[in-house]
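Me: I would like a close look at a single part of this model. Please keep the account plain and give the cut-offs behind each term.

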Amino acid sequence: MEEDYGVTDSPRKGPTLSTSTSSFEPFDAHDPNLSRLATKMFQKTGDYITHELASTVDDYKLIESMNRAMMGKVADMRQMSQSIAAKNAELNQKYEDLKPLLQRIDDIESTVDKLEAAAYQLDSYSIRLENKFKSLKAKQ
């Protein structure tokens with residue numbers, strides 16, 4: 001059995017190494033209608049690829065503008081967070097400055113509570129004394 005090794009016969013030129021079944025032969029005259037259609041197909045394919053690439057470029061431009069807008073927002077948020085951190089530090093310092101005064105207020109409140117309890121005890125004692133005095137006076 002004889003092997004072909006990919007050699008085929010061209011309808012016009014005889015044996016070739018091509019495995020294509022096309023009847024196209026370079027530099028041969030072709031059907032003008034076929035040439036016009038092929039040219040039109042390549043132009044439309046080129047137009048399609050051009051529009052696809054333009055669409056991709058537009059997508060990248062949109063993403064770029066969105067990134068720029070986001071960078072602006074992030075910069076604003078960073079500035080705002082720095083301002084909040086500074087105000088927070090300022091408030092913490094004020095709290096530390098007020099802490100001894102707040103402790104004194106707590107101490108005074110504790111003392112007032114003790115004085116109030118002592119005043120209630122004294123009031124209760126004075127009422128008992130008054131009642132005892134009235135009962136002794138009534139016995140006389």
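How many salt bridges does the structure hold, and what can be said about the residues that form them?

Reply: This is a predicted model, in which local features need pLDDT of at least 70 and side-chain atom pairs count only at pLDDT 80 or more, while totals for chains, interfaces and linings use all residues. Residues are numbered from 1 along each chain as its sequence is written, and side-chain values use heavy atoms, with hydrogens and water left out.

The structure holds 3 salt bridges. The term stands for a side-chain nitrogen of Lys or Arg within 4 Å of a carboxyl oxygen of Asp or Glu.

Take Glu64 and Arg68. Their closest N and O atoms are 2.8 Å apart. The two residues are 4 apart in helix α1, so about one helical turn separates them. Helices here are DSSP runs (H or I, at least four residues), as are strands (E, at least two), and both are numbered from the N terminus. Glu64 has a relative accessible area of 37% and is partly exposed, whereas Arg68, with 55%, is exposed. On this scale, buried means under 20% relative accessible area, exposed means over 50%, and partly exposed lies in between (1.4 Å probe, protein chains only).

Next come Glu90 and Lys94, whose side chains meet in a salt bridge with an N to O distance of 3.6 Å. These residues also sit in helix α1, and because they are 4 residues apart, the separation is about one helical turn. Lys94 counts as partly exposed at 44% relative accessibility, and Glu90 is partly exposed with a relative accessible area of 39%.

Then there are Glu130 and Lys134, with 3.3 Å from N to O in their salt bridge. They are 4 residues apart in helix α1, which means a separation of about one helical turn. Glu130, at 41% relative accessibility, counts as partly exposed, and Lys134 does so at 49%.

Helix α1 covers residues 32–139 and contains Leu101. Leu101 is partly exposed, at 43% relative accessibility. Together with Tyr95, Leu98, Leu102 and Ile105, Leu101 makes a nonpolar surface patch of about 470 Å². Patches are made of residues with over 30% relative accessible area and no salt bridge, joining like charges within 9 Å and nonpolar side chains (Val, Leu, Ile, Met, Phe, Trp, Tyr) within 5 Å. The accessible areas come from the Shrake-Rupley method with a 1.4 Å probe, and for residues only the protein chains shown count as cover.
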